[in-house]
Amino acid sequence: MTAPLMLGDHVVNPPVVLAPMAGITNVAFRRLCREQGGGVYVCEMITTRALVERIPKTLKMIAFAEDEGFRSLQLYGVDPDVTAAAVRMIGEDGLADHVDLNFGCPVPKVTRRGGGSALPWRRRLFGRIVSQAVAAAKPYGIPLTIKMRKGIDDDHLTYVEAGLAAQEAGVAAVALHARTAEQRYSGKADWDAIATLKQALDVPVLGNGDIWEGSDALRMVEHTGVDGVVVGRGCLGRPWLFADLEAAFTRGAGYRPVLPSLGEVAKIMSRHAELLVDALGDEKHGCADFRKHVAWYLKGFPVGSDLRRRLAMISSLAELDDLLALLDPALPFPADALGQPRGRVNAPGKVSLPYGWLDSRDDESVPEGAETDESGG
Ligand SMILES: Cc1cc2nc3c(=O)[nH]c(=O)nc-3n(C[C@H](O)[C@H](O)[C@H](O)COP(=O)(O)O)c2cc1C
């Protein structure tokens, strides 16, 4: 990379973005990751309609720590006017410093109604959403970016056309999760597609898909020429991946990977649970939310099934610390767990679409009932 990654006036160094992940990238997880390294840390997806209607649960999800210097928020919208109103509200109320639009969600409930990864196919509607959002963000100096997939399936690719349209509309950057909606999270991300997009655009391009280690990020940059990387599942149970990424971008290919011992992992687990309790307001909810992370943290470590099970059922921080004390702190990080997929790896599936969707690319009408809280990308 020759120039630093810029999102509007903001320098992103290292050029790393924590991908928005519903149910994961709340204020607690972002803080845990931020403690490890630099980058942009995107919050959980917020639905535009829920935001403009000021639904209390949605407003509560927009929580940023006081020291979160560049507050990054992802919106999901299908209606240009509602999306623009949501962006205006973010600007007026000072809710965030960066807005990303989600065009990658492959969940059937969403695509069946024409939302998420189905939407860029309707090129005029897509163009209107993005340009109205950019125009709404402009007076507040908020950089607006989009995150999309390659297209619906291999016969209905949209990423180059959508990237060019977004650039024309004035976005600050374009991120590509290099899978089709049909692939969901299966198979390998197509880094060649990221290279193609990078060649086609002048605005910064962010590559996303299958970065499990800092070395993968360097490989992606080398293979595609991208300006930055977006990292999702690789940091599940591995927030130190951001330290690894920072080391990789600072020192280059010969960098020393960050490989915590089980004792160090246990400390991070304890910290994560504590932050969740703090963020969710009480021990019961914080500990319940933490449970889903346990298997990711322990992946590959020789820890017995009984202890794993008990850890995944904790209901207090004291119980967690008692159980963590039973782990052997000296155990080294398991080499077998490196480079391995974690989190969602589901099989491909035919994309549900509204009737006649593929035959009406230029229809600008807003799909009905596609506003949703379902998320993914
Ligand atoms: C649990 C989970 C939740 C996700 N939620 C969102 C979301 O709300 N918005 C979005 O754009 N992508 C979402 N994604 C997709 C990720 O941002 C990312 O694009 C995808 O996981 C591919 O990157 P990776 O290979 O680094 O994981 C989600 C992924 C996972 C695993």
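The model described here is predicted.

The side chain of Gln-74 places an N or O atom 2.8 Å from a nitrogen atom of the ligand. Asn-208 contributes a polar side-chain atom, which lies 2.6 Å from a ligand oxygen. With Asp-210, a backbone N or O atom takes part, at 2.8 Å from an oxygen atom of the ligand. Taken alone, the ligand exposes 610 Å². The protein buries 97% of that area.

Asp-210 also stands out in its backbone geometry. Its phi is near 70 degrees, a positive value in a residue other than glycine. Asp-210 sits in the loop between β10 (205–208) and α9 (214–224).

The UniProt record, an unreviewed entry, lists Pro-20, Met-21, Ala-22, Gln-74, Lys-147, His-177, Gly-232 and Arg-233 under "binding site". Of this set, Pro-20 and Lys-147 belong to the lining of the largest cavity. Ala-22 falls in the loop between β3 (16–18) and α1 (27–34). The unreviewed entry also places the feature "domain: DUS-like FMN-binding" at residues 18–323. That span is 47% helix and 13% strand. Its end C-alpha atoms lie 29 Å apart.

A search of the whole structure finds 1 cavity of 30 Å³ or more. The volume of the largest cavity is about 110 Å³. Its lining comprises 15 residues. Val-17, His-98, Asp-100, Thr-145 and Leu-206 are the closest to the cavity centre. Three strands, β7 (98–103), β8 (144–151) and β9 (173–180), each supply at least two lining residues. By class, this lining has 11 nonpolar, 2 polar and 2 charged residues.

The largest pocket has a volume of about 620 Å³. It is lined by 20 residues, of which Glu-44, Lys-57, Lys-60, Met-61 and Leu-280 are the closest to its centre. At least two residues each come from β5 (46–47), α3 (56–61), α11 (262–280) and α12 (283–298). Helix α3 gives the largest share, 4 residues. The pocket lining divides into 9 nonpolar, 5 polar and 6 charged residues.

Two further backbone features were found in loops. The peptide bond from Asn-13 to Pro-14 is cis, with omega near 0 degrees. Pro-14 lies in the loop between β2 (10–12) and β3. Arg-184 has a positive phi of about 50 degrees, although it is not a glycine. The loop that holds Arg-184 runs between β9 and α8 (191–200).

Methods
Residues numbered from 1 in each chain as written. Predicted model: local features only at pLDDT ≥ 70, side-chain atom pairs only at ≥ 80, totals over all residues. Heavy atoms only, no water. 1 Å grid on protein atoms, 1.4 Å probe; cavity = no way out; pocket = protein on both sides within 12 Å on 5 of 7 lines; lining within 4 Å. Points joined across faces, edges and corners; volume = space filled by probe spheres on them. Nonpolar A, V, L, I, M, F, W, Y, C, P; charged D, E, K, R; others polar. UniProt positions renumbered as here; feature names shortened; annotations may be inferred. Polar contact = N/O pair within 3.5 Å; in protein donor to acceptor, adjacent residues only side chain to side chain. Areas by Shrake-Rupley, 256 points an atom, 1.4 Å probe, with all protein chains shown as cover.
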